[in-house]
Amino acid sequence: MHKGLRWVAAAGIVLALAGCSANDSGGESAAMPMSADTKQAAPKEGVPNKEATDSKAGSGKAPAPAGQPGIADRKLVRTASLELTAPNVADVISQVRVITQGAAGYTGQESTQEKRASVNVIVPSERLDGVLDQLGKLGKQVRREVTATDVTEQMVDVESRLATQRASVERIRALLARATSVSEIASVESELTSREAELESLQKRRESLAGSVAMSTISLQVKAETVAASEESRSGFLGGLAGGWDAFLTFGGGLLTAIGAMAPFLLVFGVPVAALVWWLRKRRRPAEPAMATASDLPSAPPLD
């Protein structure tokens, strides 16, 4: 009987403790309600925010590596070559000058003949494509090539070396200002001259690179349509035959030129030498018959 009461009392104590814990958890939930917005605003530790990740992925632009310029900051040296055929080569070259001046450019090395011409056109790099389109309309476009060389690393290297060299020159100038003896002044001035020369060389290299980036060169070649047609016809067997005939004429012309160049020397030196040889041979002729007569004498008859 006492044992049964003991078990009933233990069960009542357990139920009372369970009810107290349930009330405590319910009170805590009532005091701190958790909404859906609150749960989304407070993600778990160690888990990345999905919205932040999606926003980075949706931007579409990967950040440039540290210390390297972006695509828009690349330094490119652009050059082009263009080959045209036209009825009148001189008219094309005149129009090329007009187009070049209109694009704030200028013409460089030029070679113009009756049926062919070549000229270098220098224009701002940002106008290269437009100028090429205009030049291509002056005749029949045979070939068009555009190349680009990235010199960004060279520019960055030169700028870095320039900054270092300027600081070095300033330090030497400060040492020169504090020099007292003549030997110190001479030594520091010599070092200053050397470093200033290197600084000037770096500045010229930077200017050269900047000029190559700012201005583009177009190598333009123009041929007359008749010349282009003739060059196209010189293909196959007939073309080889014509080339061989031209080579033969060239060789024959060169041989005749060489003979013509040697003719004066042959007249001046060859004629006296030939006369001397003829005279020497003439002197030797009388001795030969005498020797022949002595050999033709009759031999003595044999003795009995």
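1. E196 and R173 are joined by a salt bridge in which the closest N and O atoms are 2.9 Å apart. Because E196 belongs to helix α7 (residues 182-214) and R173 to helix α6 (residues 152-178), the pair ties together parts that are 23 residues apart in sequence. Both partners are partly exposed, E196 with a relative accessibility of 31% and R173 with one of 41%. As the coordinates come from a predicted model, the distances and accessibilities in this note should be read as computed values.

2. The C-alpha atom of E196 is separated by 8.2 Å from that of Q165, a residue 31 residues away along the chain.

3. Which residues of α6 are buried? They are T152, M155, V158, L162, Q165, S168, V169 and I172, and the elements against which these buried residues pack are β4 and α7. As background to such a list, an α-helix has 3.6 residues a turn, so residues three or four places apart point the same way.

4. How do α6 and α7 lie relative to each other, and what is the angle at which their axes cross? In general, two packed helices are described by the angle between their axes and the distance between the axes. The axes of α6 and α7 come within 9 Å and cross at roughly 160°; since angles over 145 degrees count as roughly antiparallel, the two helices are therefore roughly antiparallel to each other. The crossing of α6 and α7 is left-handed.

5. The structure holds 13 salt bridges, and one of them joins R143 to E83, with the closest N and O atoms 3.5 Å apart. Since R143 lies in strand β4 (residues 140-150) and E83 in strand β1 (residues 76-86), this pair ties together parts that are 60 residues apart in sequence. The two partners fall into separate accessibility classes, for R143 counts as partly exposed at 31% relative accessibility, whereas E83 counts as buried at 14%.

6. A104 deserves a look at its backbone, for it has a positive phi of about 65° although it is not a glycine. Most residues other than glycine have a negative phi, and most peptide bonds are trans. A104 is placed in the loop between α4 and β2, and it is exposed, with a relative accessible area of 52%.

7. S111, in strand β2, is partly exposed at 37% relative accessibility. Apart from neighbours within four places in sequence, the residues in contact with S111 are R116, A117 and S118. Between S111 and Q221, which are 110 residues apart in sequence, the C-alpha to C-alpha separation is 9.6 Å.

8. For the chain as a whole, the secondary structure comes to 10 helices and five strands, and buried residues make up 18% of the 304 residues. Among the contacts in the chain with a separation of 6 or more, 76% are accounted for by residues 24 or more positions apart.

Technical notes
Residues numbered from 1 in each chain as written. Predicted model: local features only at pLDDT ≥ 70, side-chain atom pairs only at ≥ 80, totals over all residues. Heavy atoms only, no water. Salt bridge = Lys/Arg side-chain N within 4 Å of Asp/Glu carboxyl O. Helix = DSSP H or I, 4+ residues; strand = E, 2+ residues; numbered from the N terminus. Buried < 20%, exposed > 50% of the residue type's maximum accessible area, 1.4 Å probe, protein only. Contact = heavy atoms within 4.5 Å. Axes fitted to C-alpha atoms, helices over the stretch in contact; angles between N-to-C directions. Parallel < 35°, antiparallel > 145°, perpendicular 65-115°, else oblique. Left-handed = near helix turned anticlockwise from the far one by under 90°.
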